[in-house]
Each structure stands twice: as structure tokens, then as C-alpha cells.
Amino acid sequence: MTATEDIPTLAGTIRRSVEAKGWTLLPDFQKDNDGGLRLLKLATFLGKVWPMRRDGSPLVETCCDSDAPMWEPFNRPEAIGWHNDFSTWPKRPPLSLAWIRSAPQGNGGRGDWRVAKCLDVISLMERSTEGRRSLAFLRRNQLPFVFSPDEPAVHFRVFESEVSSHVRFYGRAIRLGLTRYPIRRAAEMIEVWERHADMVGRRLTASLGALLICDNRQSMHDRLEQMPGRSSGLMFVTTKE
């Protein structure tokens, strides 16, 4: 897959790659900051683009800021942790697109991504008693998710059903929810899930112009600790009606 393919062809290649592994990476998608125009063109070929701002714009612009509040984890310098986007929303867009608009020189890999296919995490967990116990717990129990301290908790299962491999996960949001609604052994069970994701996950270089596309049901991702000067453009896509 190359970023120089025409957009319709590129969109088809991305769909096949994401279907197979839950994510895909284009290391050199768009190095020049065009304001997200090429990203928007690609997004429209992938599906229906979600408007994210009051003016209807679908582009979310992020930048590293040590003063950003905790409910802006994409702007905070510390790692976000394993998650899929919009995990606290009942209806969420299947695809997330993250494009690196700027990246500081000599960042030593700070701001890189991690990705993990949920089926790979499940397969590894099924090999141990600890992992099987955690899977059973996460399939059976609704957990409280809290994204922002001033928001009410919303309760979801991590798995869409007892037989599904589609996942809804954000460790920080669940841990915050558990401070309000404690559930015995829940913190231990999500830690087991995250630890197995660490084992199967891949680290990807988030260099200038790179584009990561993730399926928010089949995979999880993480943005590692970042430093000032890193910024990105995010768009989210659902299926066309």
C-alpha cells in the first residue's frame, strides 16, 4: 500500500487491510500540512464522515499541551493507554483516522502508536486460566465508563456479546468509573486484558505525514507519551447509509 495511489484505489486497499488485521498504517500519507483536505477526501471514500465541531467540520486538531485537562487525553503529554475511540458513546464510528501534522525532530519515538487486534488478545488470553477468567468476567459484566469527571457514568460490557470479538475498551475511563461504582475484581480483570494487549501489540512510528486507520471494534490503539511540537488531525467514519 502506498500513499501515492489514487484515493479511490487507496480507500479500497485500506478497507481490505483493516478488515484483515483491524488497523493499517500509511507512513507517508501527507507530509505537507494541507489543512486535512486529503484526509477528508480519503475519509469520504471510506464511508460517512462524522461532523465533530459546531461548524460541521469533521477535523479534530490535537497538539501536545501539558496544561490540557484530563478529558482531553489526546492533548495530554502522557500516554493514553489501550482504548478504542468513543468507548463511552452508545453509538460510535467504526473507523478512526489519525494523521500526523507535525512531529518534533529527535523525539526518540515519543508520540508513537501502539495497535493490537482484539482477536489476537483473546487468543492469547484463552491459553491461560488467568486469561480465561478475565475474558469470562469481561463478557458477563457491565462496567462503568466515565470519560470526564463532570459526566455521569455509562455502563457497557467490554464485549458486545458473550460470543463477539468486538470490543469497547478504555482503561482510564473504566478505572474512573470504578471509583464511583466499585465492582469486585474488575480492576484486576481489566489489568489482565491490558497486559495481554501489551504482549501482542505492535509499536508503530508516528512520523510526519503518517496516517493510522483503526477499526474501533476489531482493534485497540494507544498513543505513547508525546512531547511539545507533535500535532495531529483526527477524523471518524461510519458506514454509508
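Student: What should I know before I start?
Tutor: This is a predicted model, in which local features need pLDDT of at least 70 and side-chain atom pairs count only at pLDDT 80 or more, while totals for chains, interfaces and linings use all residues. Residues are numbered from 1 along each chain as its sequence is written, and side-chain values use heavy atoms, with hydrogens and water left out. Helices (H or I, at least four residues) and strands (E, at least two) are DSSP runs, numbered from the N terminus.

Student: How is a pair of packed helices described?
Tutor: Two packed helices are described by the angle between their axes and the distance between the axes. Here an axis is a line fitted to C-alpha atoms, for helices over the stretch in contact, and angles run from 0 to 180 degrees between N-to-C directions.

Student: At what angle do α1 and α2 pack?
Tutor: The angle between α1 and α2 is about 60°, and their axes are 9 Å apart. That makes α1 oblique to α2; angles under 35 degrees count as roughly parallel, over 145 as roughly antiparallel, 65 to 115 as roughly perpendicular and the rest as oblique. The crossing of α1 past α2 is right-handed. A crossing is left-handed if the near helix is turned anticlockwise from the far one by less than a right angle, and right-handed if clockwise.

Student: Which residues of α1 and α2 meet?
Tutor: From α1 come I7, P8, L10, A11, I14 and R15, and they meet R38, K41, L42, F45 and L46 of α2; contact means heavy atoms within 4.5 Å. The residues of this contact of α1 with α2 divide into eight nonpolar, no polar and three charged. In this grouping Ala, Val, Leu, Ile, Met, Phe, Trp, Tyr, Cys and Pro count as nonpolar, Asp, Glu, Lys and Arg as charged, and the others, Gly among them, as polar.

Student: And how do α4 and α6 cross?
Tutor: The axes of α4 (residues 129-140) and α6 (residues 186-200) come within 9 Å and cross at roughly 120°. That makes α4 oblique to α6. The crossing of α4 past α6 is left-handed. On the α4 side E130, G131, R133, S134, L135, F137 and L138 take part, meeting A186, M189, I190, V192, W193, R195 and H196 in α6. The residues of the contact of α4 with α6 divide into eight nonpolar, three polar and three charged.

Student: Next, buried faces: which residues of α2 are buried?
Tutor: In α2 (residues 37-46) the buried residues are R38, L39, L42, A43 and L46. They cover an arc of only 135° around the axis, which puts them on the same side of α2. The arc is that of the directions from the helix axis to the C-beta atoms, and buried means under 20% relative accessible area, exposed over 50%, partly exposed in between (1.4 Å probe, protein chains only). The buried residues of α2 pack against α1 (7-21), β2 (48-49), β4 (95-102), β9 (211-215) and β11 (231-238).

Student: Where do the buried residues of α5 lie?
Tutor: The buried residues of α5 are G171, A173, I174, G177 and L178. Down the axis of α5 they fall within an arc of 160°, so they line one face of the helix. Their cover includes β6 (142-145) and α6.

Student: Is M227 buried or exposed?
Tutor: M227 counts as buried, at 17% relative accessibility. M227 lies in the loop between β10 (219-223) and β11. Not counting residues up to four places away in sequence, M227 touches C64, P104, N107 and R110.

Student: What does L25 touch?
Tutor: L25, in strand β1 (residues 23-26), touches W113, L204, A210, L211 and L212, not counting residues up to four places away in sequence. L25 counts as partly exposed, at 21% relative accessibility.
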